[in-house]
Amino acid sequence: MLEIKDLHAGVDGTEIVKGISLSVNKGEVHAIMGPNGSGKSTLAKILSGHPAYEATSGEIIFDGKNLLEMDAEERSLAGVFMGFQYPVEVPGVNNAEFLRMAHNARRVKAGEEEVDPLDFDELLSEKMKMLGMEKKYKERNLNDGFSGGEKKKNEILQMAILEPKLSLLDETDSGLDIDALRIVSEGVNKLRSENNALILITHYQRLLDYIKPDFVHVLSQGKIVKSGDKALAIELESQGYDWVTTAD
Amino acid sequence: MSDEQNSVSDLLEDNQYKYGFTTDVESETFAKGLNEDVVRAISKKKNEPEFMLNFRLKAFAKWKTMKEPAWPNVHYPSIDFQNISYYSAPKKKKVLESLDEVDPEVMRTFEKLGIPLDEQKKLANVAVDAVFDSVSVATTHKKKLMEQGIIFCPISEALQDYPELVEEYLGTVVPVGDNYYAALNSAVFTDGSFVYIPPDTISPMEISTYFRINTEETGQFERTLIICAENSYVSYLEGCTAPQFDTNQLHAAVVELVTMDNAEIKYSTVQNWYAGDKETGKGGIYNFVTKRGKCAGDNSKISWTQVETGSAITWKYPSCILQGDNSSGEFYSVALTNGHMQADTGTKMIHIGKNTRSSIISKGISADHSSNSYRGQVRIGKNATNARNYSQCDSMLVGDKSSAHTFPYIETANSSVQVEHEAATSKISEDQLFYFESRGVSRENAIEAVISGFCKDVFKQLPMEFAVEAQKLLTLKLEDSVG
Amino acid sequence: MSETIVESTEETAFLDLHKKFVEENKSSSALSAIHESALSRFEMLGFPHSKHEMYTYVNTKKLAATTFAVSNPSAKIDLIEKHIYSGCENSCLVFVNGVLDRSLSKLKDIESSVKISSLEEKSDTDTLLESVENENDVFACLTNAFCSDVTVVEVPDKGQVAVPIQALFVSTGNTSLPEMHSPRLLWKVGKLAEVKVIEKFVGMQEGYFTNMVEDWRVAEGAGVVLTQVQSDPFGAWNFHKTRVHIKRNARFHSANASSGSVLVHNHFEVRLEEEGAEVILNGVSVLKGKEQVHNFIRIHHEAPQCISHQHFKNVINDEGRSSFDGTVIVNQGAQLTSANQLINNLMLSDDCHADNKPNLMIFADDVKCAHGATIGQIDEDQLFYLQTRGLSKKFAKELLTRSFAESIVQTIQFSEVVKELSNTLLKKLEVENV
């Protein structure tokens, strides 16, 4: 589904990602871990299509298409979802209305009719019920005045509405207390299926207690220095990153 | 990818001004210039009663002693008032009996503007007075309104049919010498709308005026007077457009509102005068307007809502004099400036009576090279005990060449008042747009969502028909430039 | 405009006074140049008329029409010790009737870290001349024209002044022929230097006009903490302009406590000239009788990433009158500016008056600016709550009023000043009819 080939990328002319290759198939969950400054967030920004970040060489192929040639809107419509580390606040734009806009953009792309607010409300209520979210998320403005945990929940709600093929969750666990982490993880698990894939980008292993990865990759200085299964994450947690990064 | 990306300000580019056509009608226009004879001639032309001529002459004498105000935060070359024609009317031989007799060209103009005057195709529940250059050409629904005793007619007609009503109220809210442009208007106004709502009457429909400036180098000086008697209510709508000329045209209107005990007037404006060339700033309307309402009666209310999207320069402060006890004033405003537009707009809330309330919600959006200023005065007099005011004026900036200014004046002279003023600035940020895009929502939809979210406190004050139009108008200013 | 004004008698009286002043005082050529430039600026501006932009809410007619004598620096004064804060006994500059009195000043603790001089260096003269030529406050022009000296206080690069410096302005006053005092200071704070200053204004009796101007040049990375305490008697005018230029990453934090008088006017002009500069201006006034305090503030954000905060509180009783006219100007290119402005007024009587003009002028798009102004009374709910807890209504009112003003007083970094204000400024709130 996703094929990253020798990706080099950076921001403002500084190379941060220095040759990453990664292959993700349907139904798989990959965790990308690494210390601060290892290139995790640059990789996430590149995958999401953030205009400030630039890929200098390499390829990212998604469903046979060159992802690097698509802008953020096209990537989203193609089925890539980015769960942001710091979701931006948009005062004045109602959350439910925003979700409907995003949902309809996808339907229009698929040649389907837009759904009206009433029908959408039904869909939204169903998804919110599944994720155990309170009604207030409908009434409030997009991330406006949300706590860190509320913003992350709202990201997962968007993921549920947009039903992406590939989801990237960037530091979704940061800023969450243990209860919120559990709720968010349960939500993500409910959305997993044989047809979609998930990439978790995280600094800590604790998220992986709730969302079990099939593969764990350790990033250091812009490269994947070690790959393994869930056991690798546990080892990392107990021994710290020095263990892998210096072993390289 | 980034090459294709338009900057936010590109996205807000104005599209072609849709109303920039002129209509070829035979009109009768006075020679340019202004002196006492011109004032007399206007009065004579309109066959006005004696008091009206005296009113005009007094105003003209006052105007000659006054200077153009220099305090607004706008810049323009000084206006040559002798190079303006003070009277232009579609030529007509006799008093029109029905709409069929209106020059068909004029009728077509209003049709092009989307204002059906033909009563067959009338808007469901809106009575319309159409003012073409300086003269009212058509007023709809008059009969239906008259059944309830509501007078809705051109002010020139009111001067013939109800001179005592006009004499009693004209100039009581905006005195002839109130300010430079009001004095000029008082001397030379040619027409406008007159509304009288008798006691205990709720107007069965929205009342509306559309203004159209058609002739180049004509000033439009219309005068509106609305009186709402005890326990009555009216909602009044005003729309404005003008053709595209390279020269600037002057629009100096005066609107006076009076409410008696327990009466309420809701006055809404969607202003879309031609704003001048987007690149050069050439041409466009100078919109120097005095709008003021007096809550003369106890428990009365005046509410101004405006959506300002046009004019090269806007100088306009719809105000409320809260004289009656427990009276209240409201001001809701969205002012969008782009290109080289300059707007200095806001309100005055003058609290005189006890327990008076006012609230001000102002939203300014500035894009391109434009300058957008909010100027608002809240003055609470010594006897206005327990007066309350709440003001909120927010600015949104689009692009780094535009500017936004906030000039509140808060003056209080007694201890039982409560005044709160808040202001904040925001922008449409690239981060916000990127967030929308990453959810598959296009930039134009994202901008629209952010802008309408920013303005929604004001839009919800507009009558339904106007809210739709205002939303359309803002979108119109923003779309087309996208993609 | 200017031509007609110059002919009016108010300005002429001051021009005549200036002639006398020049005859009686021998000035250096540098000072003469400043006087000359200032005088022509004064003639050009003239005294404020009723709709003057800077003096919209301040009636200066009576002041302008008053006949003044120029200051008499050799007047005998005594008992100044009680006005010197503990901790500043050996770091105190004493100005008598606007002129630095070296014999009364005690500088032992700061001799090594601070240089105090008259206008000597050419670069200082040029700096001052530039600000004199661009002065737009007519009263500051008068200061520049009538100052008999410029006191230059310099903290060298990386200088750390261990103790707070107090500048004490004592006026002797003359009720039969009021005097005009024109203290003029230039503070130069070098790179990465740190200094704390307390300015205090007192008078021995009524009948004077203290008309002060001070320039602050705060170099890169430097830090200044300034506290201004105005406690003149009622029949004394106090006009005070503080002009501040702040360079990269430098900080200027100030608090002004004004007790009011027949007319007090505080004018702050702050320029955040380079990235990362920061200014905090706080102010508090407590007014009774016919006391007035007017604040006029202009903050110019000229570079990106600068911060400005203003918080002013006024408690106004009787026929007191206060105004706040503050504008934050964010220049084009001053992105990521953060500017806040908050004014709270507590009105306690039916005859008091508060005017507020909190303005924003923004020419950059990526900025965070907010302002707020409130005018109100003691919260009835709070009052009721305290009464239900057994407090008398009078005491509860005092408590709430005091806490309103105290929040600004508490921002003052000198405990001696806080202690003093608790016994003076805040004491004014303990009145029978609060």
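Modeller: Strand β3 (residues 29-33) and strand β9 (residues 215-220), both of chain A, pair in the parallel sense over four bridges. Strands are DSSP runs of E with at least two residues, helices are runs of H or I with at least four, and both are numbered from the N terminus; two strands pair if DSSP finds at least two bridges between them. This is a predicted model, in which local features need pLDDT of at least 70, side-chain atom pairs count only at pLDDT 80 or more, and totals for chains, interfaces and linings use all residues. Residues are numbered from 1 along each chain as its sequence is written, while chains are lettered from A and ligands numbered from 1 in the order in which they are written.
Colleague: Which residue stands opposite A:Ile32 in β9(A)?
Modeller: A:His217 does.
Colleague: And what is the strand order of the open sheet in chain A?
Modeller: The six strands run β6-β7-β8-β3-β9-β10, with mixed pairing. In chain A, β6 (80-83) and β10 (223-228) stand at the edges with a single partner strand each, so one side of each has no neighbour in the sheet.
Colleague: Turning to chains B and C, how many residues does each give to the contact?
Modeller: Chain C gives 30 residues and chain B gives 29, where contact means that C-beta atoms, placed from the backbone, lie within 7 Å. On the side of chain C that touches chain B, β20(C) gives the most, with 10 residues.
Colleague: Which strand of chain B pairs with β20(C)?
Modeller: Strand β22 (residues 403-412) of chain B does, in the antiparallel sense over six bridges. There, B:Thr412 has C:Ala354 as its bridge partner.

Key: Two residues are in contact if their C-beta atoms, placed from the backbone, lie within 7 Å.
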